[in-house]
Amino acid sequence: YAPVDGDTYVKACNAPLQECYICYGNTQTKTNLILSSTCLCKGVFAHTQCLVELATVKFKGDEEPTENPFFGCLTCRSGYCEGSIIHSELTRAYYRLCKDYEVSLREEVMSMNSMAKLLISEMKYDEATELIEERMGQAKTNITEAVSNSDENAKLAFECVLFETLKLRAKVHEALGQWTDFKSVLEEALQLFGDRTDTSS
């Protein structure tokens, strides 16, 4: 028996553990639990760290994966339940990997987006805000550099990054009930489209 990973809370149980389908081990620690997967695979159990290591190997592999291995099961292709321990561990591992590994702008934004949403769901608003503000600052610097280099494609790409981070910032204000700041951030996000409309007209 392995605990069901449904709400980041695992009940203690003295029953024998199922084998991890990756390493075939059946021992666990507090930081490396064997959990019943929250994907569509039924009766599948795995160590959280085995899932992280498998996703990391696939992500760094010679062949580019058709789907992000940190976002879902590599067997059934369905996503892991948000709020589950498996989802949390994979999200954190993906973010760390993208910080330390050379990745595309798209991957970097996806990892930041996922991590910020996780922190917001965990009500760690200060950490989420710090992460979002850091990326917003980088995006604004990138936009300024793109304008000075007359690189319209780069400017558009980083405006999209800024837009995504502004949406996340709005989520934090919404969660905290800071409606004046919420409105201000949304107006800044909409202004990006207004600027582009004015330029193209």
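How many aromatic pairs does the structure hold? The count comes to six aromatic pairs. The model behind this count is predicted.

One of the pairs joins F59 and Y94. Their rings sit 5.9 Å apart, centre to centre. The planes make an angle of 75°. That makes the pair edge-to-face, because planes over 60 degrees apart count as such. F59 belongs to helix α1, residues 48-60, and Y94 to helix α2, so the pair ties together parts that are 35 residues apart in sequence.

The largest cavity holds about 60 Å³ of space. Its lining is made up of Y21, L51, L54, A55, P69, G72, L74, Y80 and L90. Helix α1 gives the largest share of this lining, three residues. By class, eight of the lining residues are nonpolar and one is polar. None is charged.

The second largest cavity has a volume of about 40 Å³. Y21, S37, C39, V44, A46, L51, C73 and Y80 line this cavity. Its lining has seven nonpolar residues and one polar residue, with no charged residues.

Next come the pockets, which are open. The second largest pocket has a volume of about 250 Å³. Which residues line the second largest pocket? They are F70, F71, E82, G83, H87, T91, N113, S114, K117, L118 and S121. Helix α3 gives the most, with five residues. Six of the lining residues are polar, three are nonpolar and two are charged.

Helix α3 spans residues 105-121, and helix α5 spans residues 152-176. Their axes come within 10 Å and cross at roughly 5°. Angles under 35 degrees count as roughly parallel, and α3 and α5 are therefore roughly parallel to each other.

Which residues make this contact? From α3 come L105, V109, M112, N113, A116, K117 and I120. They meet A157, F158, V161, E164, T165, L168, K171 and V172 in α5. The contact residues divide into 10 nonpolar, two polar and three charged. N113 and K117 take part in this helix contact, and N113 and K117 also line the second largest pocket.

Definitions and conventions: Residues numbered from 1 in each chain as written. Predicted model: local features only at pLDDT ≥ 70, side-chain atom pairs only at ≥ 80, totals over all residues. Heavy atoms only, no water. Axes fitted to C-alpha atoms, helices over the stretch in contact; angles between N-to-C directions. Helix = DSSP H or I, 4+ residues; strand = E, 2+ residues; numbered from the N terminus. Parallel < 35°, antiparallel > 145°, perpendicular 65-115°, else oblique. Contact = heavy atoms within 4.5 Å. Nonpolar A, V, L, I, M, F, W, Y, C, P; charged D, E, K, R; others polar. 1 Å grid on protein atoms, 1.4 Å probe; cavity = no way out; pocket = protein on both sides within 12 Å on 5 of 7 lines; lining within 4 Å. Points joined across faces, edges and corners; volume = space filled by probe spheres on them. Phe/Tyr/Trp six-rings, centres within 6.5 Å; stacked < 30°, edge-to-face > 60°.
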